[in-house]
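Subject: Structure for your review

Dear colleague,

Please find below the structure I am handing over to you, followed by an account of what was found in it. I would be grateful if you would read the two side by side.

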Amino acid sequence: MNAINVNASQLVQQDQKGNTTSFEGSILDWKVAKRKQFFHAPARQDESAYADNLGLTLIEAKELAMVREDNGKQIGTVGTGYEIIQNTQLFEGLCNSLEGHDFTIANMGMTDNGGRVFMQADVGGHSDFSINGDKYKGFLTMWSSHDGSSSTAFGDTLERKCCMNQFFATKAKGKNDLVRMTIRKTKSARWKFNGMIEAMASMFKSRSEFIERCERLMNTPMNDDDARLFSLGYHNSVSGRGTNLANHIHGLYRSGMGNKGETRYDMFNAFTEFHTHGYADSKRSAESQVKTSIIGAGHRTKHKVLDILGDSDRVKATIAQGRIIERELANSI
């Protein structure tokens, strides 16, 4: 089993640096601790003896600071009942839960200075696949947090090899979302995630549905003018920013990585390319781009576009809205 240290800004490109054969020495090899917080406030009458020369006294906050022990930086604020799960426990739990499978911990990293962490497993027999010859690679991705922002969750990250576009194919309770899971200590004192096998089965079912939907899009033509109007109608804006984005995605439909400008599948990949990588000259940080692509607004947009493109009535309605935007733009000149 191999682990590869990859920080958040490298996740999209899948650069592999800092090879190691264990968790020790990896980018997530640090612990967190809860620490008391204090703040200054005006001293009340019975506290005057403890006030400083500005009349302020030191008050202990009810919430606790979550602090990285390796660098002393605060990465969040949590309640007193918050239970810490260390990175090493997450790593051990993931590995133990995948026992019986041929797997590699392919990527590990963090965002928000460690407030959120992720690990990706390449599970043998389930990672490499193709959609009518278009090659993909799938990763079992685990996200967790140390800042109280989210629980530990898993999802199926699919990467189109020709362009490194990424799509989260997992559905939880009928929604396009991560699968929430809890970690526990077994009777043999080993960390393990509850229900991993069932969760993986659900993820692979969602992946099969994604493949079927993409195959239908591949076999559904979309001409260049319809693609242009679809992008205009989807963004539904006469502002310079909105139309520029619509035109940019139309350009990706024509000549984005792996695209031919012929089908609804090209339109889908135009959106996934933009919402995975952003503008080439964007000032947005790579970390911010990763977050929006996998768990933020970009992630939601990819799913919404896939849903629309799979419904001919919604495609026609979006194209019709594009014609309305086009007329409004012409009248504003």
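This is a predicted model, and the mean pLDDT of the chain is 84, with 89% of its residues reaching 70 or more. Confidence is highest in helix H3, at a mean of 97, and lowest in strand E2 (residues 17-20), at a mean of 34. Over residues 1-21 pLDDT stays under 50, although the model has 71 contacts for this stretch beyond four places in sequence. Where pLDDT is low, the predicted coordinates should not be read in detail.

As to the overall make-up, the chain has 8 helices and 14 strands. Of its 333 residues, 50% are buried. Among contacts with a separation of 6 or more, 61% join residues 24 or more positions apart.

In soluble globular proteins, nonpolar side chains tend to be buried together.

Setting aside neighbours within four places in sequence, Leu 140 is in contact with Leu 94, Leu 98, Met 119, Gln 120, Ala 121, Val 123, Phe 154, Gly 155, Met 196 and Met 203.

Strand E14 also holds Lys 192, which counts as partly exposed because its relative accessibility is 28%. Beyond four places in sequence, the contacts of Lys 192 are Gly 93, Asn 96, Ser 97, Thr 182, Ile 183, Arg 184 and Thr 186. Of these, Thr 182 is 10 residues from Lys 192 along the chain, with 8.6 Å between the two C-alpha atoms.

Turning to the strands, E4 (residues 56-68) and E5 (residues 74-78) pair in the antiparallel sense over 4 bridges. Val 67 stands opposite Gln 74 in E5. The two strands form a hairpin with 5 residues between them, and Gly 72 in the turn has a positive phi of about 75 degrees.

Ile 59 is 22 residues from Gln 37 in sequence, and their C-alpha atoms are 8.6 Å apart. Gln 37 has a relative accessible area of 19% and is therefore buried, the cut-off being under 20%.

Helix H3 has 12 residues, which should span 16 Å at 1.5 Å a residue; the end C-alpha atoms are 17 Å apart, which agrees. Its buried residues are Ala 227, Leu 229, Phe 230, Ser 231, Leu 232, Gly 233, Tyr 234 and His 235. These pack against H4, helix H5 (264-277), helix H7 (297-309) and helix H8 (312-331).

Asn 236, in the loop between helix H3 (224-235) and helix H4 (240-255), has a phi near 50 degrees. It is partly exposed, with a relative accessible area of 43%. Asp 112 lies in the loop between strand E6 (103-111) and strand E7 (116-123), and its phi is near 55 degrees. Asp 112 is likewise partly exposed, at 29%.

Finally, how many disulfides does a search of the whole structure find? The search finds 0. Cys 163 is in no disulfide, and the nearest cysteine sulfur, that of Cys 162, is 3.9 Å away. Cys 163 counts as buried at 2% relative accessibility, and Cys 214 counts as buried at 0%.

With kind regards

Conventions: Residues numbered from 1 in each chain as written. Predicted model: local features only at pLDDT ≥ 70, side-chain atom pairs only at ≥ 80, totals over all residues. Heavy atoms only, no water. Pairing = 2+ DSSP bridges. Disulfide = S-S within 2.5 Å. Buried < 20%, exposed > 50% of the residue type's maximum accessible area, 1.4 Å probe, protein only. pLDDT = per-residue confidence, 0-100. Contact = heavy atoms within 4.5 Å. Expected span 1.5 Å × (residues − 1).
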